[in-house]
Amino acid sequence: MRIFVKNSLLLIIIMSFFSCKKETSWDIDAAIPIARSHLNISNFFGDTIFKEDAAGLVHLSFSKEILNLTIDSLVKLPDTTVNIGYTALFNASLNPGDLIYSNAGMPSNQEIAFDVANGVQLNKAIVRSGFLKIEYFNTYAQPLNFVYDINSAKLWGNIFHVNQTIGGGSLTSPATFTKYYSLKDYDINLTGISMNKVNTLVQTYTIKTDLSGVSDILTAGHGLSIKLSFVDIIPEYVQGYFGQQDLSFGPDSSYFGLLNNFSTQNFKLTQSHINFSIINEFGIEMSSTISNVKSIKVNPYTAVTLNTGSLLQSMNINRAGKTNVPSNPVFPYIKQILLNNTNTNLNPFLENIPNYLSYTVKAKLNPLGNISAGNDFAYYGHGLKVIADVDIPLALSANYFGLTNYANVDFVNLKQLNNVNSCELVLQVKNNYPFSVKIQGYLLDDYKNIIDSLFLINENSVKPAITNTANVVLSSVDSKIISTIINSKLENLKKCKQIKFVTFMYLPNQPTPIKIMGDSYLDLILSANVNYSAKVK
Amino acid sequence: MKSSLVFCLSLVFFSSFSQYNSEFLSFENRGRSIAINGEYEFGSNGIYNSLLNKFIFGGYIDKSTKDASNSKMYNTSVLGANMNYNISAFFGRKAKYSYLIGFKDHRIFNSTFTKDFYQLLFYGNKPYLNETKNLGGTTINSIRFQELKFGFIWHQIDSTAKVGVSVSILKGQNLFYVRTKDGSSLYTNNDGTELIFDSKFNMAFSDTSHKNNPLAFSGIGASADIFFETPYKSMFGKGSVLTVNANNLGFIHWNDNSIQYSSDSVFKFNGYHIDNLLDLKDSTLSTINQDSIIQKTSNAHRESFNVNIPANLLIINKIIVTNKFAWSTGFRYLFSSNFKPYGFMDFEYKFTPKITSALHLGYGGYSRLNVGLAFMYNTKNWYLKVGSNSMQGFILPKKTFGQGAFISLARKF
C-alpha cells in the first residue's frame with residue numbers, strides 16, 4: 001500500500017509538471033479588411049431626401065407636414081346628460097303589465113337638444129364610437145319594465161331600442177344599476193320631430209310594471225328614475241352649418257431635423273423652392289393665412305423670417321366634395337402656393353440650415369355665411385393639412401460643409417484587442433466629388449469627453465476630384481489615409497464608448513457654385529495591418 | 001546447451017529498451033510488480049525542436065526561430081506528439097502466466113500541414129499579399145482519452161516465448177479534428193483589402209461543454225493490445241529474439257453532443273459594407289466573433305460518430321552478439337495517424353548485472369533522425385528505466401527535429 005501511495009504521488013508530480021505549462025506566444029502580421037462603402041450624397045443624409053433631375057443634378061427634396069386639423073377642431077360633441085322617468089304623485093294599485101308612464105303624445109318631452117359649441121348647427125351625424133350610458137333607480141317594490149327608443153337614430157333601418165327590466169326596490173334601498181349601450185355606426189337625424197331643428201334628436205319611452213312581479217301598491221314619491229348620458233361620442237361624419245368660426249394655430253413650430261449633423265460656412269444656394277400645399281378635406285369654405293414663417297437654427301440661435309408678401313395671406317380655400325365612395329369619401333380641394341428664391345427670400349431662409357420651422361396659421365370658416373344651406377360636412381380622418389414640399393437643387397457654394405456622425409462602440413468584450421501589439425488603419429478613398437475632405441474620428445468616453453483621435457492632424461485629407469474652372473468633375477482621385485495605432489491609442493480605444501466622426505468637405509474655386517450630380521460618389525475602403533500576438537496555453 | 005544459453009541471454013536482453021507505449025515490452029525486466037510509467041514524444045519533420053519546445057514549455061517564439069524551420073520545411077510536413085502516463089501492475093501466482101491491470105491517460109496529437117499553412121500561422125497573411133496560400137491536405141487531429149486495461153501475459157510458452165493480450169475500456173475526453181481538402185486556400189489581395197477563403201474542410205469536435213475536465217465522458221470505446229515474443233536461433237551472434245507488438249487497436253464512439261462541420265464554399269470578405277453613414281451601429285463595429293464566423297461559413301450538426309485511435313505496430317529483431325552486447329533492428333508504425341514509417345536500431349550494453357544502457361538510432365516517424373540513450377537499473381526489488389529515443393532535441397534544439405523521454409519505476413513483488 002505504501003508503495004502504491006508513493007507511486008501515485010510521483011504520478012501526480014509528473015502530471016503537475018505538464019499541466020503548469022506557461023503560455024506560448026508569437027507575433028503575426030495580419031492584413032484585415034474591415035469595411036467599405038460606396039457613398040453618394042444620399043448616404044450622408046438619408047436615401048429619401050435626394051432626387052436626381054433629368055440633367056443628373058441632385059435635388060434635396062422632402063416634404064414636411066406643418067398643420068393637420070381634424071374633425072374635432074371644428075365640431076366638438078359634448079357629453080350630454082338628460083334625466084327622465086316617473087315618480088308617483090299618489091298611491092296606485094298596480095298589477096303586472098300595467099302601464100305607468102309613456103311620453104308618447106308629449107312632443108316637448110320627446111326631444112333632446114345638444115349644446116354644440118361655436119354655434120355649430122348639426123342636422124346629421126354618424127357615430128364612429130360612443131355610448132348611451134343609462135343609470136336606473138327603482139324605488140317601487142316590484143320590478144319595472146323600461147322601453148326606450150331613439151327614434152332618430154337608425155342602424156340598418158332599425159331604430160335604437162332598449163328594453164330593460166329593473167328589479168324592485170325602496171326609497172331607502174332603491175334597485176340601481178348602470179348599463180352602457182353602444183351607439184357605434186348609428187345614423188342620427190338631428191332635426192327633431194318637426195324636421196326643422198338642429199342638434200336635436202327624438203326619443204320615446206314607456207314604463208310598465210314587469211310581468212315577473214306581483215300586484216302591489218305604488219305609493220306616492222316612489223317610481224323609476226333614469227339618467228341618460230351620451231358619452232365619448234366620436235363622430236364618423238357630421239353635417240350641418242359649422243358657423244363662422246375663427247380658428248388660430250400657433251405660433252407653433254415643426255421639427256426640421258434633417259440637417260442636424262450638418263454645418264457649413266458661407267453657404268449659398270443658387271435656387272430653392274417651397275411649395276405650400278393646402279389640402280382641404282372639409283366640406284366647408286374658409287379663408288386662411290399662414291404668417292410668421294421662420295427658419296430657426298438652434299445653435300447658435302439664428303432666425304430668418306420668410307418674406308412672402310401677400311402670397312400666404314387671406315387665401316380662399318374652397319370646400320371639398322363627396323365621392324360617395326365609403327372607403328374614400330372625400331374629394332379634397334388643394335391649393336398650392338409656390339415660393340422660390342425670386343418671389344421670396346427663400347435662399348437665405350434655407351441657408352440658415354434650420355432645425356425648426358415656426359409658423360402661425362389662421363382660418364375663418366364660412367366667410368360668406370351659410371351658403372351651403374346646412375350642408376357643411378366633415379369626415380373622421382379627413383381634415384385640413386398644410387404641407388411644405390421643399391426642393392433645393394444642389395448647385396451651391398460654400399467654404400466647406402461639415403458633417404458629424406456618431407458610432408456607438410464597445411471594445412471591452414473584444415478580448416482580441418488585448419493581443420494587438422500595434423495597428424495601422426488604412427483608409428483608401430476614391431473621390432469623385434469636387435471637394436476635398438478632411439476626416440477625423442474622436443474617441444469619446446462614457447461622459448462624452450474626447451480622449452483621443454484616430455488620425456493625425458494634416459494626415460487626414462482626401463484629395464478632391466479633378467475639375468475644370470466651372471467645378472465640373474473631370475476624373476476621380478485616389479487618396480490614402482494611414483492612422484498608426486500605438487499602445488496608448490489602443491488603451492483609449494478600449495475605453496472608448498462612442499466614436500465621433502467629423503468630416504469637412506472643402507469646396508474648390510469659391511464662390512463658383514458646384515453641382516452635386518447623381519453619379520458622384522466617394523469610395524471608402526478601410527483595412528488594418530495588425531501586428532498581433534497569437535497565444536496558446 | 002546452446003538453447004539454454006540463448007534463453008539465459010534473452011533474459012538479459014529481452015524486451016525493447018525504448019519507449020513504445022506498451023507494458024508487455026517491459027515485463028521481462030520488471031516481472032510481477034506495480035509500476036508507474038510516463039513518456040512523451042513529439043516531433044516534426046518540418047519544425048525544429050526549438051520552436052516545438054515553446055509549445056511544451058511555453059515562451060515567446062521569435063522570428064529567427066520561425067525562420068529556421070521555414071527555411072528547412074517540406075512543402076508538406078508532419079507534426080505529432082504522444083504523451084501518456086499510467087500506473088499498472090502484473091500480478092498472479094501461477095508460474096506460467098501473470099495478469100495485468102492498469103490505468104493510462106493518453107494525449108495524442110498529429111498534424112499534416114502545408115508550408116503555406118505554417119507561414120500563415122506563424123507569420124500572418126500580411127507578408128503574402130497577392131498570393132494564394134495552399135491549405136489543402138492539412139489535417140489536425142487531437143485526441144485525449146483514458147484507458148482501463150485488463151490482460152494477461154503467458155510468459156513460459158515452450159519455456160521461452162511470450163504471448164500477451166489485453167483489452168481496455170476507453171473513456172473519451174476530448175477530440176478535435178480538422179481536415180482540409182485539395183483546393184482549400186486563402187488569398188489576400190495586393191493591399192490587404194480582400195480575402196478569398198476557399199473553405200473545403202471537415203471539422204469535428206467532441207462535446208465542447210466539458211473538454212478540459214478529465215472526468216468528462218464525451219465518448220466511450222474499446223481497444224486491445226497483442227504481444228508476441230520468441231527467441232530463435234540465428235546466423236549471427238549467440239541468438240535472436242523476435243518481438244511483435246500491436247497496441248491501441250480500437251476506437252472511441254463520441255456521443256450525440258459531438259459536432260461536425262463541413263464547408264465546401266468560397267468566401268470572399270472585403271469588409272463590412274456600410275450603406276449609410278448615419279446608421280453606424282454596434283452591429284457593424286463590434287460583433288465580429290469567432291462563433292458567428294464559423295456558423296456563417298459552415299453547416300454544423302450534432303451527431304455521434306466513431307473515430308479509430310492511432311494503433312501502434314512494433315516489430316523488433318534483436319541479435320544477442322555477446323553476453324554484454326545486443327543489437328536490435330526494428331520497425332514502428334502508427335495507423336490512423338500521419339506517422340511516417342520509422343526504422344531504428346538499438347545498441348545495448350550491460351555494464352553490470354544491474355545496470356544496462358542502450359544507444360538508439362532511428363529515422364522517420366514524426367521527425368527525421370533520432371538519437372537516443374537509455375539506462376536501466378534493475379535489482380531484485382526495484383526496476384528503474386529512464387531515457388529518450390530523441391535526445392537530439394535536448395542537445396541541439398535549433399538544429400534537430402523531435403524529442404522525447406520516458407521513465408518507468410517499478411516495485412517488484
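Thr503(A) counts as buried because 21 C-beta neighbours lie inside 10 Å of it; a residue is called buried if 20 or more other C-beta atoms, placed from the backbone, lie within 10 Å of its own. This description rests on a predicted model, in which local features need pLDDT of at least 70, side-chain atom pairs count only at pLDDT 80 or more, and totals for chains, interfaces and linings use all residues. Residues are numbered from 1 along each chain as its sequence is written, while chains are lettered from A and ligands numbered from 1 in the order in which they are written.

Thr503(A) belongs to strand β38 of chain A, residues 498–506. Strands are DSSP runs of E with at least two residues, helices are runs of H or I with at least four, and both are numbered from the N terminus. Beyond its neighbours within four places in sequence, Thr503(A) is in contact (C-beta atoms, placed from the backbone, within 7 Å) with Leu403(A), Val437(A) and Ile439(A). Its C-alpha atom is separated by 5.6 Å from that of Gly402(A), 101 residues apart along the chain.

Turning to chain A as a whole, the secondary structure comprises five helices and 40 strands. Of its 537 residues, 31% are buried. Among contacts between residues at least 6 apart in sequence, 86% join residues at least 24 apart.

One open sheet holds five strands of chain A in the order β2-β3-β28-β19-β25, with antiparallel pairing; strands pair if DSSP finds at least two bridges between them. Its edge strands, β2 (50–52) and β25 (333–340), each pair on one side only. Within this sheet, β19 (residues 273–280) and β25(A) pair over eight bridges, and Asn275(A) stands opposite Leu338(A) in β25(A).

Terms used: A residue is buried if 20 or more other C-beta atoms lie within 10 Å of its own, exposed if 12 or fewer, and partly exposed in between; C-beta atoms are placed from the backbone. Two residues are in contact if their C-beta atoms, placed from the backbone, lie within 7 Å.
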